[in-house]
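Keep the viewer open as you read.

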Amino acid sequence: MSVLVFFIVILFAFYLFYKTKYFRSRLPVEKKWIAAKSNIALGLFVCLFGINHLFFISETTVTFVVSIIFIVYGGVFGWVGFKKYKHYLPFAAEEAMNESRSS
């Protein structure tokens, strides 16, 4: 249980870190790329939160249903974030290279 809690806290910290970077970034494609990374962190956070509740919190029907919803929603959110991350990665690298040339 403590390992899951550790990963939940780390993923929440990564989510906050990437959201802060998102608001500080000025490049449009880089913002989308960073938003995709924050989506991955948030999705994994929600998924692990659901797993933690499923196995280590009181075992009622409501807890079971909510945990399954969290696991599915977090998995889908993380998967969509990963797809966006792969899509925007080459564009963000090209944008960063163009930005460094013009500076």
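Phenylalanine 45 is buried, at a relative accessible area of 18%. Buried means under 20% relative accessible area, exposed means over 50%, and partly exposed lies in between (1.4 Å probe, protein chains only). This is a predicted model, where local features need pLDDT of at least 70, side-chain atom pairs count only at pLDDT 80 or more, and totals for chains, interfaces and linings use all residues. Residues are numbered from 1 along each chain as its sequence is written, and side-chain values use heavy atoms, with hydrogens and water left out.

Phenylalanine 45 sits in helix α2. Helices here are DSSP runs (H or I, at least four residues), numbered from the N terminus. What does phenylalanine 45 touch, not counting residues up to four places away in sequence? The partners are Ile8, Leu11 and Phe12. Contact means heavy atoms within 4.5 Å.

Two of these names return in the core: Ile8 and Leu11 belong to the largest nonpolar core, along with Leu4, Phe45, Val46 and Leu48. That core has six residues. A nonpolar core is a set of buried Ala, Val, Leu, Ile, Met, Phe, Trp, Tyr and Cys residues joined through side-chain atoms within 4.5 Å. Helices α1 (2–24) and α2 (28–56) each supply at least two residues of this core. In soluble globular proteins, nonpolar side chains tend to be buried together.

Now follow α1. This helix has 23 residues. From its first C-alpha to its last it reaches 33 Å, close to the 33 Å expected at 1.5 Å a residue. The expected span is 1.5 Å times one less than the number of residues. The buried residues of α1 are Leu4, Ile8, Leu11, Tyr15 and Tyr18. They pack against α2.

Arginine 24 also lies in α1. Is arginine 24 buried or exposed? It counts as exposed, because its relative accessibility is 70%.

Back in α2, look at glycine 50. Glycine 50 is buried, with a relative accessible area of 0%. Leaving out residues up to four places away in sequence, it touches Ser67, Phe70 and Ile71. Valine 65 is 15 residues from glycine 50 along the chain, and their C-alpha atoms are separated by 9.8 Å.

Next comes α3, residues 61–102. It has 42 residues and reaches 59 Å from first C-alpha to last, close to the 62 Å expected at 1.5 Å a residue. Thr63, Ser67, Gly74, Gly78, Gly81, Ala92 and Glu95 are buried in this helix. What covers them includes α2.

Where does α3 kink? A kink of about 40° lies at tyrosine 88, shortly before proline 90. The bend at a residue is the angle between axes fitted to the seven residues ending there and the seven starting there. Proline 90 is 45 residues from phenylalanine 45 in sequence and 26 Å away in space, C-alpha to C-alpha.

Finish at glutamate 95, in α3. Glutamate 95 counts as buried because its relative accessible area is 15%. Yet it has no salt bridge. A salt bridge is a side-chain nitrogen of Lys or Arg within 4 Å of a carboxyl oxygen of Asp or Glu. The nearest side chain of opposite charge, lysine 32, is 8.9 Å away. For charge, Lys and Arg count as positive and Asp and Glu as negative; His and the chain ends are not counted. Glutamate 95 touches Leu27, Pro28, Val29 and Glu30, not counting residues up to four places away in sequence. Valine 29 is 66 residues from glutamate 95 along the chain, but their C-alpha atoms are separated by 7.2 Å.
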